[in-house]
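Student: I have a new structure to look at. Could you show me how to read it?

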Amino acid sequence: MKVESLRLKFPGHEKLLFKDISVSFEKNEKVLLLGPSGCGKSTLLQVLSGVIPNSIEVPMKTTEIKHPDSWGYVFQDPDSQFCMPFVDEEIAFVLENLQVPRELMPERIKELLHEVGLRLEDLHTNINRLSGGMKQRLAIASVLALNPDTLFLDEPTALLDSEGTKDIWETVKRISQDKTLIIVEHKLDHVIDLIDRIILFDRDGSILADGEKDEILIQYREIFREQGIWYPGVWEDYLRSTPPHTVETREETILTLQDFKGFHQKEAKISITQASVTAGEWIAIVGENGAGKSTLLHAFMQFIKTSGLYHLYNKPVKPKQVPKDLTFVFQNPEFQFVTNSVFDEISYSLRLEKVDEEQVNIKVEELLERFGLNDHRTHHPYQLSMGQKRRLSVAASIVKNQPIMLLDEPTFGQDSQNTFALLEMLQGYQREGATILMVTHDEKIVEHFATKVWTIKDGVLFQNKNVKEKGESSLRSVVI
């Protein structure tokens, strides 16, 4: 597998993404593509596999390209991968194309789901009802069903909890002894032992280095830091240079819940006997995939049917009416895009409220600069990388400065530089009085930024009054 002198340019972009780059891969090699968010790693995977230009039409030129004969691709966004509406049908679709006898399919489907740790009471479950992490497991299972010689893995564990991340990479390691792996991944802890080689890119999509993993990690550590690339020990380096400051919370209770429930169809998916939020808190919401973390945020936003007492600033929240004091960042950023350009996306909610256009321009320019999106202002949101889409979704959500922020995995797909910049910015809003409720799987964020932790597990919400407290004695359970 190889590509020679690759040039590629997305429609509407002024610059070439790749300028005559050449890479090749040996059979059974395990290679990690590493670089800042937006440098073209995912695009290169799509070129190597043939997804570009065969399925996604993008102008490109190369003197020679050789695709693998047998390959499977796990996309960064699992929703873009599914062909069928139900879990069992998604895998059965693959097995049908492989001409697996129908009577053998049920057992094979169970084996594949077990292999990726996707546990469902009913295999005929609508995919839309799965959490983001559960969808990632399903996407991996459907690719494993192909039993391909080459696997292209584009951040396959970005939405998984720490245990799920570990399980998936152990599965990949177990089944890939005789396979070629080309991986894009920000979370390196579980990948380092799996790979042989690293190809290092800079922000412009040029190859800075290509070689044995240990050599790259040692010799280019300063480049990693400058370019905002994740590397083992990056959190420790960051905390030494920029220790987060504790933000004092206020005494005002701004959100109160009692006998509160959120429903999917007629089934209660999240319910809380009693809970409250104080102004200025940073609450980290953690738990296993599918536990109901995102559902809780959806219930707060009234995206789903709710019941029980739900007060904001001592006033009841009206059913089916989005509270004006809340802003929300979806787990999948594409779910909230409504315009055709990055600039218009950030300005959309301000223009809805008839804000003076001069003030709109000032605010949008500030956020474009802050989120590193200046060069993409005229691009359609769907043309951005996943990390850039995530930054855009956050920028568009906070533009009105609502006092309560609900963030669903806001740092996934981000390089280290943008992750730390986002966290520092959120802490700045917190100092000014904003309250943050963030779903996250990042234990470092929980440890160093959160003031309180809500853990959703097995139908029970555990509230930790102070994140610095340790041990079970510090947890107060609220039965769901």
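Student: What should I know before starting?

Tutor: This is a predicted model, in which local features need pLDDT of at least 70, side-chain atom pairs count only at pLDDT 80 or more, and totals for chains, interfaces and linings use all residues. Residues are numbered from 1 along each chain as its sequence is written, and side-chain values use heavy atoms, with hydrogens and water left out.

Student: What is the mean pLDDT of the protein?

Tutor: pLDDT is the predictor's confidence in each residue, from 0 to 100. Here the mean is 90, and 96% of the residues reach 70 or more. Over residues 469-480, however, the pLDDT is below 50.

Student: How many residues does the largest nonpolar core have?

Tutor: In soluble globular proteins, nonpolar side chains tend to be buried together. A nonpolar core is a set of buried Ala, Val, Leu, Ile, Met, Phe, Trp, Tyr and Cys residues joined through side-chain atoms within 4.5 Å. Buried means under 20% relative accessible area, exposed over 50%, and partly exposed in between (1.4 Å probe, protein chains only). The largest core here has 89 residues, and those with the most contacts inside it include Ile91, Leu138 and Trp235. Its largest share, seven residues, comes from helix H5 (residues 132-144). Helices (H or I, at least four residues) and strands (E, at least two) are DSSP runs, numbered from the N terminus.

Student: Which residues does isoleucine 91 touch, leaving aside its neighbours within four places in sequence?

Tutor: Contact means heavy atoms within 4.5 Å. Among the partners of isoleucine 91 are Ile109, Leu112 and Leu138.

Student: Where do aspartate 20 and arginine 7 lie?

Tutor: A salt bridge is a side-chain nitrogen of Lys or Arg within 4 Å of a carboxyl oxygen of Asp or Glu. Aspartate 20 and arginine 7 form one, with their closest N and O atoms 3.0 Å apart. Aspartate 20 lies in strand E2 (residues 18-24) and arginine 7 in strand E1 (residues 2-8), so the pair ties together parts 13 residues apart in sequence.
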